[in-house]
Amino acid sequence: MRRKTSLVLLALAVFFAALSPLLRWYAFPRLAKIPANQYQDMVLEAKDATLIDYNDGMKAKKVSKVTIVQTLKGNVKASEEIEKTAGKDVVVWDGLSYVVGPDGKMVSKIPERYIFDAHTQEPVHATGEMVDGDPVKREGIEFKFPFLTEKRDYEYFDAQARTSAPIHYKGTRTFRGVDVYYFEQTIPWTKVPFPKTMPVQGITPQSIAKTGTTRWYTTVRKFWVEPLTGAPVYGEELHKEELRGGTLLGGRDKVTVFAGDVKMREDYIRHTVDLVKSNRTLVLLMTSYLPWGFLILGLLLLALSLWLEARGRRPAATKVEEPEPVTA
């Protein structure tokens, strides 16, 4: 009976020891994915910002607040079409960055389509990849960092400039009780396209181009990223835009279009931190808790199996019978 039990324990030990690396290196990359139908929104604010007034001689004025609403909506139908030829799980996000002034009127709106690998977040190039209607070919990540983010620099795509640039790892910090990696990217002053949709009726990028006026942009982009999930728990941008040269400015060299410190709104910070904490536990289960638990369990079962086998092989003690007393 001990021999059979030790064999069963040995088989279980081998099973759990083999399951440990399989869960970490095989199951995790196939299970940890961005859902194709995910929808999320984010509200950011720039308080005490500078904003151009197109109706008052195109002057830059101080305003109480500028609000940016960012939405990302998973396009399941588009992702399924791309997966047929991509040979991998693909997510298609249709995004929109919608900016409004303190009066609630639109300042700009820029749509995007971001196509990427569901697990690695690396871009997948396919028809439809664009920013504001312009076809682009992204290099590097955007919006989200990879699962198990590393302490290194990444290439991060800038939608305004339509190019990628390094976003630098700047150290480990704690944000609202969560250990995070801090990343920072600086985009120097760069000439960028005008939005296709302008806030003034009758003005188009084509009509502005005829005046010789150009649009320039710079930003310092900051992310606090939870490394297991790769999700930013907080983001901030020191953002500036200018119009330069041309007849549109009435002899002025440049005019500030927008300048402000853009930050996530407090209610969205709390929601994001709570969501990331729950998702972090799931990633830990697949990458740490269960693999190490299965490995330790396998070793314990192996030790128990060997102990039972050793006991089964131990020779039984021989009983020595005492001689019966001799009677007369």
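**Exercise 1. Sort the residues lining the second largest pocket of this predicted model into nonpolar, polar and charged.**

Solution. The lining comprises nine nonpolar, two polar and four charged residues. Tyr is counted as nonpolar and Asp as charged. With these classes in hand, turn to the centre of the pocket. Of the 15 lining residues, those nearest the centre are Ile52, Asp53, Tyr54, Asn55 and Asp103. The space in this pocket amounts to about 370 Å³.

**Exercise 2. State which strands each supply at least two residues of the lining of the second largest pocket, and which strand gives the most.**

Solution. Begin with the strands that meet the threshold: strand 1 (39–53), strand 2 (59–74) and strand 4 each supply at least two residues. Next, pick out the main contributor. Strand 1 gives the most, with three residues.

**Exercise 3. Determine which residues of helix 2 (residues 76–86) are buried and explain why they lie on the same side of the helix.**

Solution. First, apply the cut-off: a residue is buried when its relative accessible area is under 20%. In helix 2, Ala78, Ser79 and Ile82 are buried. These residues span an arc of only 95° around the axis, so they are on the same side of helix 2. Then check the other side of helix 2, where Lys77 and Lys84 are exposed.

**Exercise 4. Identify strands that cover the buried residues of helix 2, and name the residue that follows the helix.**

Solution. The cover over the buried residues includes strand 3 (90–100) and strand 4 (106–117). At the end of the helix, the residue that follows is Gly87, with a positive phi near 70°.

How values were computed: Residues numbered from 1 in each chain as written. Predicted model: local features only at pLDDT ≥ 70, side-chain atom pairs only at ≥ 80, totals over all residues. Heavy atoms only, no water. Buried < 20%, exposed > 50% of the residue type's maximum accessible area, 1.4 Å probe, protein only. Helix = DSSP H or I, 4+ residues; strand = E, 2+ residues; numbered from the N terminus. Arc of directions from axis to C-beta. Contact = heavy atoms within 4.5 Å. 1 Å grid on protein atoms, 1.4 Å probe; cavity = no way out; pocket = protein on both sides within 12 Å on 5 of 7 lines; lining within 4 Å. Points joined across faces, edges and corners; volume = space filled by probe spheres on them.
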